[in-house]
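Please follow the packing of helices through the chain shown below, and then the positions that a database record marks.

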Amino acid sequence: MEGKTGEEMGKTLMTETWLRKHRLLYVGATRHPFIRSIRDGNIDLSSFKTWLGQDYVFVRAFVPFVASVLSKACKGSDNSSNDVEVMLGGMAALNDEIAWFKKEASKWGVQLSDIVPQKANQNYCRFLESLMSPEVEYTVAITAFWAIEAVYQESFAHCLEDGTKPPPELQETCQRWGNEGFGQYCNALRKIADRQLEKASDDVITKAEVTFLRVLEHEVDFWNISHGGT
Ligand SMILES: Cc1ncc(CNC=O)c(N)n1
């Protein structure tokens, strides 16, 4: 064992522990009926349009959240230059994503300026705002960031697996979050979160775990919007 790092010895990282412990909720967030209906090709297109408009609102609120995590990274850790680069890549992708939402909305006849955020969306955005407070530790914020991205990555990658038949007009959506590059980006965020969690106090670890669970719950509620939730 001498000279080996924890990872080489197969030490279980915190995110792995949580994904096992909270498996049911994680599966609920990543295998939601909305995602299943895309994967199986029987999605009702009005649900898709609802999701599109609501997600645009969410993504706009997500940008300042990402900026706040990036700002915390600059202040904190010794590995900050790696962390900042990973997140800057995420910011660039968000710029592209907002342009994509506009293009997609016009394709589907969704008027983005008319979107009224639904209750679950408002709650999720308010939660993001609470995480932007300077009192929220970098470790807690990066855990939330990873979880938010990972849910979308895993959900849409699921729609691209062999034997699935997402409608051709939704392929691009699935690719956007289900592609390999986005998967690698999520892994990079996860590594940062695990590294931070390894050196965190019990108190911060507990806060991060609660935050992780809140993200999963908000994601489930968000998917529910497209199925007529409010
Ligand atoms: C509700 C929700 N969660 C996560 C994402 C993925 N992050 C950025 O696009 C998203 N677009 N929407």
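Which residues in α1 meet R190, D194 and L197 in α9? In this predicted model, they are M14, T15, E16, W18 and L19. Sorted by class, the contact of α1 with α9 has four nonpolar, one polar and three charged residues.

Two packed helices are described by the angle between their axes and the distance between the axes. For helix α1 (residues 14-21) and helix α9 (residues 180-198), the angle is about 105° and the axes are 8 Å apart. Angles from 65 to 115 degrees count as roughly perpendicular, and therefore α1 is roughly perpendicular to α9.

A second pair is formed by helix α4 (residues 45-75) and helix α10 (residues 202-225), which pack at an angle of about 140° with their axes 9 Å apart. This angle makes α4 oblique to α10. On the α4 side, the contact involves T50, W51, Q54, D55 and F58, while α10 contributes F222, W223 and I225. By class, five nonpolar, two polar and one charged residues make up the contact of α4 with α10. An α-helix has 3.6 residues a turn, so residues three or four places apart point the same way. In the α4 list, T50, Q54 and F58 meet α10, as do W51 and D55.

The unreviewed UniProt entry lists D55, E97 and E149 under "binding site". These residues are spread over 95 residues of sequence, yet they cluster in space, with a largest C-alpha distance of 13.2 Å. The lining of the largest cavity includes D55, E97 and E149.

One further helix remains to be described. Helix α5 (residues 80-108) has 29 residues and reaches 41 Å from its first C-alpha to its last. That span is close to the 42 Å expected at 1.5 Å a residue. After α5 comes G109, with a positive phi near 70°.

Notes:
Residues are numbered from 1 along each chain as its sequence is written. This is a predicted model: local features need pLDDT of at least 70, side-chain atom pairs count only at pLDDT 80 or more; totals for chains, interfaces and linings use all residues. Side-chain values use heavy atoms; hydrogens and water are left out. Axes are lines fitted to C-alpha atoms, for helices over the stretch in contact, and angles run from 0 to 180 degrees between N-to-C directions. Helices (H or I, at least four residues) and strands (E, at least two) are DSSP runs, numbered from the N terminus. Angles under 35 degrees count as roughly parallel, over 145 as roughly antiparallel, 65 to 115 as roughly perpendicular and the rest as oblique. Contact means heavy atoms within 4.5 Å. Ala, Val, Leu, Ile, Met, Phe, Trp, Tyr, Cys and Pro count as nonpolar, Asp, Glu, Lys and Arg as charged, and the others, Gly among them, as polar. The expected span of a helix is 1.5 Å times one less than its number of residues. UniProt positions are given in the numbering used here, feature names are shortened, and annotations may be inferred rather than shown by experiment. On a 1 Å grid over the protein atoms alone, a cavity is a set of points where a 1.4 Å probe fits but cannot get out, and a pocket is an open set with protein on both sides within 12 Å along at least five of seven lines; lining residues have an atom within 4 Å of a point.
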